[in-house]
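We will go from stop to stop, with something to select at each one.

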Amino acid sequence: MKEAAYVLFGAAFTIAAAWAAGRWMLARLRIDFPYREEERAFSFLLGSALLSQGVFVLAAAHVLYKGTLLALGVAALALGARRSNARCFPALPRLWVWLAAPAFTLFSLLYVSHAMAPEMSPDGSAYHLGLVSRYYREHGFPAVTTNIYANLSQGVEMLFLFAWPWGKHSAAALTHLGFLYALASLVLSYGRRFGSPLAGAGAAALVWLSPVAALDAASAYNDVAVAAIVFGVYYLLQVWREARHASLLIAVGALAGFAFAAKYTAFVALAYALGVVAWQLWRTHWMIRSVVTVAAVAAFWIAPWLVKNAIVVGNPVSPFANRVFRNPYVHVAFEEHYRQHMRNYDFLKSHWDIPLEVTVRGQALCGLLGPVFLLAPLALLAWRRPHGRTLLAAAALFGSIYVSNIGTRFLLMAVPFVALGMGAVFAQRPVVLGFVLTVHAASSWPDLMKLYCHEYAWRLDRIQWKAALRIESQDGFLARKWPSYNVARLIDAVTPPRGRVFSFAQTAEAYTTREVIVSFQSAEGTVLRNILWAPLYEDMQPTRLQHFFFPVRSLRRVRVVQTAAAGPDDHFGVHELRFFHQGREVPRDPRWRLRAWPNPWNVQDAFDGSPVTRWASWEKLWPSMFIEVDFGDDVTIDRVTVEGSPETGRSQVRLDFAPELAPVEQEAARPLGLRREAVEVLRTRGITHVLVADTDFGHEDYESRRDEWGLVELGERNGVRLYALR
Amino acid sequence: MVLAAAMTSDCVKQDEVYAPPYQRRPMAGPDTSRLKHFVAMNDPDAPAHFIRHINERLESGLWRWTAQHPRLRFVLPRNPGRLKLVMDFTIPGDVMKQTGPLTVKFFLNQRDLETVTFTQPGEQHKEWPVDPAWLAAEDNVLGADLSKVFVGEDGAQLGLALVRAGFVN
């Protein structure tokens, strides 16, 4: 029970501090919302933006301690403690309230109990909170170059970080849940303010009851927070269109900037805000000033994340745009694969299945909005009204981001607008609206969801009150429910404090204090994965030799140029580049200077003598990729051998000093002892342990031939083995 | 703003130049300055592996003649893993026409691997599991003793058409 109290305190302190900071901001800007409900919601959203920024500053300054966070929160509370002059909206019809109250209570119990229960969402326990826990442990931002998620903007995670010292994981999830209430409240307020309380109430219920919104909000994710912030931008702009209060533009800029700070894809909120302001003030002398005001205020929230990335990983918008901002930490190939993967989830058979997946089935795209959202096209009927047109335009704009990631939760940015459109249409027949909402509520309750959604749909379970109140301990609950947690605890139990663990798959990093390098989260992870795969995949072994024989020459520099035209998927790679004279290899000399393009950073891998490493372009073939050696002095050679692998078989090479010379191809034998070599190389790269799951490629080989690999099994949890490198 | 961030990103140099890394002796892979663990006869480095009775001349870009007692040497990495010894060769019809059935004794270092009598010409693939105790610390010598060889008019001895041999995992 004590832990539960800490969880509640952590979340309540965070939400209260955010709300108070927002109250202070609204007062400073002299923005007086006439209605208390919207004032509260906007106070929370704007204050979250401020609080997030405050935590960022503490993290950047490496002064993240319980005391500094407490001081920040107390200061916010002190500044924001003031009375409100706003009045409440006219009361909703009593019948509505009586009808909604039981459902609101029941679902709130479900949501709060889930948020308070030990966090076990896949991404929340892996990186959202994995990074938060690391930042707090290290009292600030460490230079993380092995996890792309550390490069994404983390505005909402800064709030989690604020809640962390008190309530840890669950306080973070509960804080996120606060955004669902804020969002529903805003949607309701929107309807009430703009003349259709019934539509607003219906839309708020559609959003609030949506299973994916609820589960996302009850987890340490950020999608619901982003949806709330984006809707806040839209709402404020609608208010500004009527009131034309210049200070509102500062609030718009703050929320638009915070939207980007919370999630890259929410940059459209700023584009939308600038577009609306420019359009509304077109050809007035206020236009430029107003647009600049919004952009400048937004920049205050956007810039820190861009600058942090530029400093740490050399790419302000990492992990994207790696062709423009080339860097050693994220491969171009990874980015292309990642984008592709986000548009084509593994379990989705056809894009035609998306409507049913995101509304009813809920497995392939991780979550469902609820079956009533199959009626979403009816929202188009709202087009007949001016507000409807604005809503639908916003829905289209914010929904367009969905193509970049087709997971259901990426629709959440557009859902409030669609829901308001649906609400406006159904509200014309209150009975129909009541029926739709009843069906929505019933079909969103976990026991009834089981009847129609996929068995493995991502959804809430029953009310978890024992776990929420810690009557069942966190350890017991997670050990029983969350396999990844057991793995994380194993890591902490048997590895040294400075251990670096390589894992093929994501694990619950929020529950371990060790650094985990995940194979698909960085260039380094991918290279380490390939080193461990090389002994298992013949195509990744250096058996493709290309010899260039020529009359003896003295050369200072040799460049091997890739000449094949752009290919579909193949990369250019060189395991070893060797130079010979009269049959003997010219020994490598420290005076040599090695270069390669693209991906210059791994060039040494082609000169380390190891058959499990290679330099690779890590992007698709194009002519004039190269690898080059400057000997520093004239060196006499009569042969150049390029050792490659069948995997890069489409590449073709020539020597720059003799472009007419064609290589003699030779298929070499597979090198011996690759397993031991792979582990040795991992060790030289600072890896101390490896995690292998029963679902990972080659897991039988790591297990059955661990002596050959040089692996010592330290333990197994839920089909995942932890090995030490011997 | 993006421009400022982009300028900051110049902290990562675009045109990186490196020296060769420390040349530790790999735990696996060939010591390419000298010998390998496996050699195809069309490998430019193949002759370095011949001790005796293997012709220097490459035939058809693929194989070489052996004489009656061919010997090859190989080196192995420190931790080679589980090994097999492999030999691919052909007994040409013209050879067998003159010699009749041909008995070949194969051995690794001082250890007999197998003695086989071939009664038909054709391609042969031989594999033998290798006990680590049979291996030498330095050069490992694979040999074959042929009972007979074809002797040409010029006195040249022609035995097997050797394609490749050596250790594999």
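This is a predicted model: local features need pLDDT of at least 70, side-chain atom pairs count only at pLDDT 80 or more; totals for chains, interfaces and linings use all residues.

Residues are numbered from 1 along each chain as its sequence is written, and chains are lettered from A and ligands numbered from 1 in the order in which they are written.

**Stop 1: the domains of chain A**

Colour domain 1 (3-452), domain 2 (483-534 + 675-725) and domain 3 (538-672) of chain A; such bounds come from an automatic or database domain assignment. The centres of domain 1 and domain 2 of chain A, taken over C-alpha atoms, are 35 Å apart. Their contact takes 20 residues from domain 1 and 16 residues from domain 2 (contact: C-beta atoms, placed from the backbone, within 7 Å). On the domain 1 side, select helix 5 (residues 122-137), which gives the largest share, seven residues. Helices (H or I, at least four residues) and strands (E, at least two) are DSSP runs, numbered from the N terminus.

**Stop 2: the cores**

Next, select A:L183, A:V187 and A:I229, which are among the residues that touch the most other members of the largest nonpolar core, a set of 221 residues. Such a core joins buried Ala, Val, Leu, Ile, Met, Phe, Trp, Tyr and Cys residues through C-beta atoms within 7 Å; buried means that 20 or more other C-beta atoms lie within 10 Å of a residue's own, with C-beta atoms placed from the backbone. Helix 6 (residues 155-193) of chain A gives the most to this core, 23 residues. Domain 1 and domain 2 of chain A both contribute residues, so the core lies between them. A second, separate core has 36 residues, including A:A668 and B:F74.

**Stop 3: helix 11 of chain A**

Select residues 267-280 of chain A, the 14 residues of helix 11. Which residues of this helix are buried? They are A:V268, A:A269, A:L270, A:Y272, A:A273, A:V276 and A:V277. Show helix 9 (223-243) and helix 10 (246-262) of chain A too, as they are among the elements that cover those buried residues.

**Stop 4: where chains A and B touch**

Finally, show both chains: their contact takes 46 residues from chain A and 42 residues from chain B. On the chain A side, helix 12 gives the most, seven residues.

Terms used:
A residue is buried if 20 or more other C-beta atoms lie within 10 Å of its own, exposed if 12 or fewer, and partly exposed in between; C-beta atoms are placed from the backbone. The expected span of a helix is 1.5 Å times one less than its number of residues. Two residues are in contact if their C-beta atoms, placed from the backbone, lie within 7 Å.
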